[in-house]
Amino acid sequence: MIRVAMTLLVCAVSLTSLRAQNEAYVKRLHETVPFGAEITRSATFAPAALVALASASQELIVLDGSSFTQVFSYPQLPAVLSSLIFATDGRLLTVRTDGQVSFWDLAKGTMLQSLTAYQEGIAQCLMRPDGRLVIAGSDNSLVLFDPLKRSTLASVEIKSDRITALALHPDGKTVAVGLASKRITMVDSSLTVQRAGQATEGLPVVLGFSPDGRLLVCGGNDGRLTFWNAATLEPAGAGQVRQGSVTAMAFDPEGRWLAATWSDGSLALYDLKTLAPRKTLMTDGTLFTTVAFASAETMVTGTSGGAVAFWRVLPTAPDTTAPTLTILRPARYTEDAPSQVYAKQYEVAGMVYDENPISRVLVGGTEVTLTDVTQQTMMAGAGLSGKEFRASIPLPVVGMNKIEVQASDSAGNTTTQALFIRRLTSNEAVEILSPGANSETEHVAVEVEIKPWFDVGAYSISVNTVDLIDQRGGVRVRAGDVIREEVPLIVGYNQIGITLISREGERFTKLVGVNRKFSAAITETVRRESGSAKAVGPQRWAVIVGVSEYANKGIPSLKYADRDAEALAAFLQTPEGGGFDADHMRILINKDATLPNLREALIDFLQQAIDKDLVVIYFAGHGAPDPTRPQNLYLLTYDTDPNRLGTTAFPMWDIQTVIARQIAAKKVVVLSDACHSGGISVDVATRGLDVTQSNPINQYLAELARAKEGMVVFTASAAGEVSQEFPDLGHGVFTYYLLEGLKGAADLNNDYLVTINELMGYVEEQVKRKTRGAQNPTRSQTTYDKELPMAVLNK
């Protein structure tokens, strides 16, 4: 019984999309300490990524926000600065509290001019795009000054109040004025009041407009951030309330972020779309005093200790993980185990997925067309983007060819996989796996196994020049598939001729000789039994297989498969179980359950059964589909190589062939605990694991009963389920109740007979109850003898 679970690709992926989505990604890029005193002012010129900073000790420096290098410095300004401003042409303005304004050429490192803009002193200053200055005077006047003409254009005295903050709208004309009376007033380009009297909770100490002009943000001395609709001055939202006063504010150039600092030393980053805080920063022992943005992703902070830090700011952590690349074809492509093909072209297929969009896939240096498979593969729910690709690539040399597949995502991460494909010569194009050259056999037929290394369009097989098999229409054999056909033999020498025609029309012919020896073994067996009572009437035959241990350690061991098979075999040999003769049974446990032994048991051994006999076939072990051709299903024998299923595992379709062509008995019972895994190797799973996709092994077995009238197939679980094992039972749950039922628990009408129908009904109910509905044994919906006795109980 095949105990394997489907493993889903997306469950094996470590998904960075599961990171917390509420917190922005903020990472320190660089830090320097250019000042010995607190940083009091900062300004940025985004087009050139320049950052100007001034300290309480009246020092001035300008840094390059890209290289973090110093481009300008002035060791000692003559007075304390009230403002630092970058003009639209990149000139730097230093505005002093004594009313003096200086213009600096940073490229030359020289002062261009210095003038007195307002003799009464300047508390704060803004520069409009037209070059005019809006000044909050120390005498509580609001002044418009033209530096070119060195003249005052307009002046408004704020009576009975005090200006506490200024902000310039992106239109370059409207100015928001914060007042000590906890109000905000909007004035136009001529300083005429447009809207007045908007009340604030605390004293507005910092004002700022978002780059799109949509929002006006007020920072108060009560630690509150308030968001206003700039057009209507209607409240748009409120931010965090912190200890102390808001000290500085800055918007990134693209209007995604607002950064603000508080007098408690903290800094908070807000998403301007949601107005929600996305990150809070604190320094060790010092306070954040200034904040600015050198670019859309670079934030610059100053501290009370004179340190300047550059930070990268992103909505989420940057993707540094390369896309996951899965090669679907070829199935093997490593240098020590390359794929083989007889062709000048080869079709490579695969899938690539990542949390970011896939930008391109190169196969052999050529960009290929991508097909979106996100929805079909359930990747969307996992936050992944999936693309499938196919490409026909040239194989330029006979021998080893190395092809590189490169996949890149939109974040620029790239993964590369080298594919090694060996181009064969015409002499290597066809392998005869069996029979061996000039081999001998006592059997009346032999299985021919052929592995072509090209896509086959037609093939035929003859014995002694007589055509026995001719497959010309609808042949679907790809390079590396195995063709299996059985042909009869005459006593003596047989020449088997094999002809294959590629889809391109190229013909290949191989000859192999097989000698069939005459054997009287079967005749002697019949003669010996003809005088005994056993040889009269229907006989019982059984093939019992249980594999818990596998030679290949890539296939996990099972707990109870061997024990299940041994227990059933022992019961069948008791009088209650039908008294199966030992020579009428093939019991293959672990190391004995090899592929040759299983073939001999199902094909040669069961050929002895005649039409009125009963045949019981039981299998407990692993089963799986071919990873690259999931429609090809296999039973895994002890000697199976997970990387070579086609030649080392037992194909499911061969069971159908055996039952339809080799077994003459009309009463056949197949008991199977069949589940499968989506990928073998180390991913083959045991009973008890969960699956979420349909189970083709069980589906195939359920349909298998249609191969012969009178046949019944009873599987341990339905499609989409797996078989469970319970340590307290010491068996798989299906086999445990199967044995209990045979021993009498299934005799529902107390007639001392357990029929196949009673047995299946009992097992179905008990397994459902034990597993709480997780496992549902399934019987084939075909015509069979429902009163077929499976056990006779002692009265």
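What follows is a conversation about the chain as a whole, some of its helices and a few single residues.

Me: Before anything else, what kind of model is this?
Reply: This is a predicted model, so everything below describes a prediction.

Me: OK. How many helices and strands are there in the protein chain?
Reply: The protein chain has eight helices and 58 strands. Of its 795 residues, 53% count as buried, and among contacts between residues at least 6 apart in sequence, 58% join residues at least 24 apart.

Me: Let's go to the helices. At what angle do helix 7 and helix 8 pack?
Reply: Helix 7, which covers residues 733–745, and helix 8, which covers residues 756–770, pack at an angle of about 135°, and their axes are 9 Å apart. The two helices are therefore oblique to each other, and their crossing is right-handed.

Me: Which residues meet there?
Reply: From helix 7 the residues are V733, F734, Y737, L738, E740, G741, L742 and A745, and they meet L759, Y762, V763, Q766, V767 and K770 of helix 8. Sorted by class, this contact of helix 7 with helix 8 has 10 nonpolar, two polar and two charged residues.

Me: And what else do the buried residues of helix 8 pack against?
Reply: Besides helix 7, they pack against strand 52 (667–672), strand 53 (711–715), strand 56 (753–755), strand 57 (778–779) and strand 58 (789–792). The buried residues in question are I756, E758, L759, M760, Y762, V763, E764 and V767.

Me: How far apart are the end C-alpha atoms of helix 8, and what should its residues span?
Reply: At 1.5 Å a residue, the 15 residues of helix 8 should span 21 Å, and because its end C-alpha atoms are 21 Å apart, the two values agree. Just after helix 8, R772 takes a positive phi of about 55°.

Me: What does helix 7 span between its end C-alpha atoms?
Reply: Helix 7 spans only 15 Å between its end C-alpha atoms, whereas a straight helix of 13 residues would span 18 Å at 1.5 Å a residue. Its buried residues are V733, F734, T735, Y737, L738, L739, G741 and L742.

Me: How do the axes of helix 2 and helix 7 cross?
Reply: The axes of helix 2, residues 561–572, and helix 7 come within 10 Å and cross at roughly 10°. That makes helix 2 roughly parallel to helix 7, and helix 2 passes helix 7 in a left-handed crossing.

Me: Which residues make that contact?
Reply: On the helix 2 side they are D564, A567, L568 and F571, which meet T735, L739, L742 and K743 in helix 7. The residues of this contact divide into five nonpolar, one polar and two charged.

Me: Switching topic, where does L233 lie?
Reply: L233 lies in the loop between strand 20 (224–229) and strand 21 (235–241), and at 4% relative accessibility it counts as buried. Leaving out residues up to four places away in sequence, L233 touches M186, R195, Q198, L216 and W228. The C-alpha atoms of L233 and L216 are separated by 7.9 Å, with the two residues 17 apart along the chain.

Me: Last thing, the backbone. Which peptide bonds are cis?
Reply: Among them are the bond from R329 to P330, with omega near 10°, and the bond from S434 to P435, with omega near 0°. P330 has its place in the loop between strand 29 (324–329) and strand 30 (339–341), while P435 is in the loop between strand 38 (430–434) and strand 39 (439–441).

Me: And what is phi of R150?
Reply: Phi of R150 is near 55°, a positive value in a residue other than glycine. R150 is in the loop between strand 12 (141–146) and strand 13 (151–157), and at 49% relative accessibility R150 counts as partly exposed.

Technical notes:
Residues numbered from 1 in each chain as written. Predicted model: local features only at pLDDT ≥ 70, side-chain atom pairs only at ≥ 80, totals over all residues. Heavy atoms only, no water. Axes fitted to C-alpha atoms, helices over the stretch in contact; angles between N-to-C directions. Helix = DSSP H or I, 4+ residues; strand = E, 2+ residues; numbered from the N terminus. Parallel < 35°, antiparallel > 145°, perpendicular 65-115°, else oblique. Left-handed = near helix turned anticlockwise from the far one by under 90°. Contact = heavy atoms within 4.5 Å. Nonpolar A, V, L, I, M, F, W, Y, C, P; charged D, E, K, R; others polar. Expected span 1.5 Å × (residues − 1). Buried < 20%, exposed > 50% of the residue type's maximum accessible area, 1.4 Å probe, protein only.
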